[in-house]
Protein chains: 2
Amino acid sequence: MAMTRVLVLHSVSLMRSALAALLKTEGSFEVSSAGWRSARRYVGALRPDVCVVDLDCPGTAALLEGGERDGEACPVPRAGLLVLASAGRPGALRRAFEARALGFVDKHGSPQRLVRGITKVAAGERFVDESLAFGFLEASRMPLTARELSVLARAAEGESIAEIARGLHLSNGTVRNYMASATRKVGARNRIDAIRITQGAGWV
Amino acid sequence: MAMTRVLVLHSVSLMRSALAALLKTEGSFEVSSAGWRSARRYVGALRPDVCVVDLDCPGTAALLEGGERDGEACPVPRAGLLVLASAGRPGALRRAFEARALGFVDKHGSPQRLVRGITKVAAGERFVDESLAFGFLEASRMPLTARELSVLARAAEGESIAEIARGLHLSNGTVRNYMASATRKVGARNRIDAIRITQGAGWV
């Protein structure tokens with residue numbers, strides 16, 4: 001039987017080396033690792049059975065959504081996608097789900113769970129750590145609309161009401177309304193609190 | 001010669017296992033790993049020569065400042081402290097410097113640099129990755145006062161002006177003044193932008 005080929009994608013080089021070392025130690029896989037920029041090249045050259053992606057890496061959202069932008073194919077092959085996730089970030093879980101990830105492994109779990117997840121995903125089966133189940137439930141009832149989310153995301157980048165309005169082709173009053181409804185829905189005390197809550201959950 | 005004892009401290013269990021696997025593969029160290037809660041116990045039992053701490057972990061600031069609060073000794077032995085850092089977060093670098101870290105290893109570097117850093121720190125020598133030099137320069141000219149920082153930190157938690165004023169025993173006007181001066185000093189467009197910039201730099 002051919003060895004399972006695993007590609008670890010992580011934006012921080014020391015972390016991808018560490019995860020690769022862990023997989024070489026704990027499982028019998030053929031392991032490679034790469035950063036965002038060389039992801040496409042590695043995927044093309046290695047044809048990995050499983051891609052391991054850390055959802056908490058900055059830039060993961062863009063990586064997983066690659067397919068929808070610029071007409072470019074997403075560099076991560078969706079069939080064998082396994083993500084490292086935390087239960088407290090339902091937004092990130094949802095993003096991975098929408099990118100058709102097959103494996104969801106809790107970062108707060110044991111290396112053996114990761115090895116088991118990789119084996120499952122390599123066989124084309126779904127693998128979800130039970131400790132992430134509550135996060136999925138949270139993800140299913142995201143209270144914000146796409147508009148409210150994009151207003152919050154721009155505010156989080158430091159844009160003023162007027163800048164957000166210009167950027168989204170809305171009136172200042174409408175942006176204020178979206179901001180107010182988003183703040184109310186997530187149970188925040190004010191705008192800054194709303195940004196903190198939605199960022200913490202991985203929604204923006 | 002006795003083997004160097006290394007203790008990896010990381011809040012995410014999969015990441016500390018991965019870093020431990022990397023160090024076992026790349027160097028000839030006696031490696032253990034622990035999370036925040038068991039840090040003190042592990043340090044006491046193992047008497048590590050070097051403690052490896054990731055500055056980007058949530059809770060690292062509290063861990064490194066442990067000594068100053070509650071009269072409790074900091075669980076991390078300062079003599080052999082080596083931190084994993086990024087050049088873009090000068091605030092975190094400064095915190096590690098103030099916690100008397102001896103080793104500063106760039107997370108975007110190679111595993112061999114980490115091994116070299118550990119060997120140096122175990123010998124009681126300082127080790128600083130040159131790629132972090134610019135971060136240290138930035139860290140040396142932090143523009144905010146302690147008051148401005150604490151106002152921003154509370155605002156980032158979602159507190160209103162009135163709540164911050166009550167918490168810090170200041171008037172609302174004074175809090176507004178601190179907020180305005182902090183926003184101006186970091187070159188931010190507004191309060192939310194000021195929080196984004198200072199959090200990104202690791203100052204709060």
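UniProt, in an unreviewed entry, lists residues 137-202 of chain A under the heading "domain: HTH luxR-type", and in this predicted model that stretch of chain A is 71% helix and 0% strand, with its end C-alpha atoms 14 Å apart. Helix H10 of chain A covers residues 191-200 and has its axis within 10 Å of the axis of helix H10 of chain B. Two spaces in the model are also described below, namely the second largest pocket, which holds about 270 Å³, and the largest cavity, which holds about 50 Å³.

**The contact of H10(A) with H10(B)**

- The axes of the two helices, each made of residues 191-200 of its own chain, cross at roughly 35 degrees, and the crossing in which H10(A) passes H10(B) is right-handed.
- On the side of chain A the residues in contact are Arg191(A), Ile192(A) and Ile195(A), and these meet Arg191(B), Ile192(B) and Ile195(B) of H10(B).
- Taken by residue class, this contact of H10(A) with H10(B) consists of four nonpolar and two charged residues, with no polar ones.

**The second largest pocket**

- The lining of the second largest pocket is made up of 17 residues, and those nearest its centre are Arg191(A) and Ile192(A) from chain A together with Asn190(B), Arg191(B) and Ile192(B) from chain B.
- By class, the lining of the second largest pocket holds nine nonpolar residues, four polar residues and four charged residues.

**The largest cavity**

- A search of the whole structure for cavities of 30 Å³ or more finds one, and the space in the largest cavity comes to about 50 Å³.
- The residues that line the largest cavity belong to chain B, and they are Arg5(B), Val6(B), Leu7(B), Glu30(B), Ser32(B), Leu46(B) and Pro48(B).
- Two elements of chain B, strand S1 (4-9) and strand S2 (29-34), each give two or more residues to this lining, and S1(B) gives the most, with three residues.
- The lining of the largest cavity divides by class into four nonpolar residues, one polar residue and two charged residues.

How values were computed
Residues are numbered from 1 along each chain as its sequence is written. Chains are lettered from A and ligands numbered from 1 in the order in which they are written. This is a predicted model: local features need pLDDT of at least 70, side-chain atom pairs count only at pLDDT 80 or more; totals for chains, interfaces and linings use all residues. Side-chain values use heavy atoms; hydrogens and water are left out. UniProt positions are given in the numbering used here, feature names are shortened, and annotations may be inferred rather than shown by experiment. Helices (H or I, at least four residues) and strands (E, at least two) are DSSP runs, numbered from the N terminus. Axes are lines fitted to C-alpha atoms, for helices over the stretch in contact, and angles run from 0 to 180 degrees between N-to-C directions. A crossing is left-handed if the near helix is turned anticlockwise from the far one by less than a right angle, and right-handed if clockwise. Contact means heavy atoms within 4.5 Å. Ala, Val, Leu, Ile, Met, Phe, Trp, Tyr, Cys and Pro count as nonpolar, Asp, Glu, Lys and Arg as charged, and the others, Gly among them, as polar. On a 1 Å grid over the protein atoms alone, a cavity is a set of points where a 1.4 Å probe fits but cannot get out, and a pocket is an open set with protein on both sides within 12 Å along at least five of seven lines; lining residues have an atom within 4 Å of a point. Grid points are joined across faces, edges and corners, and a volume is the space filled by probe spheres set on the points.
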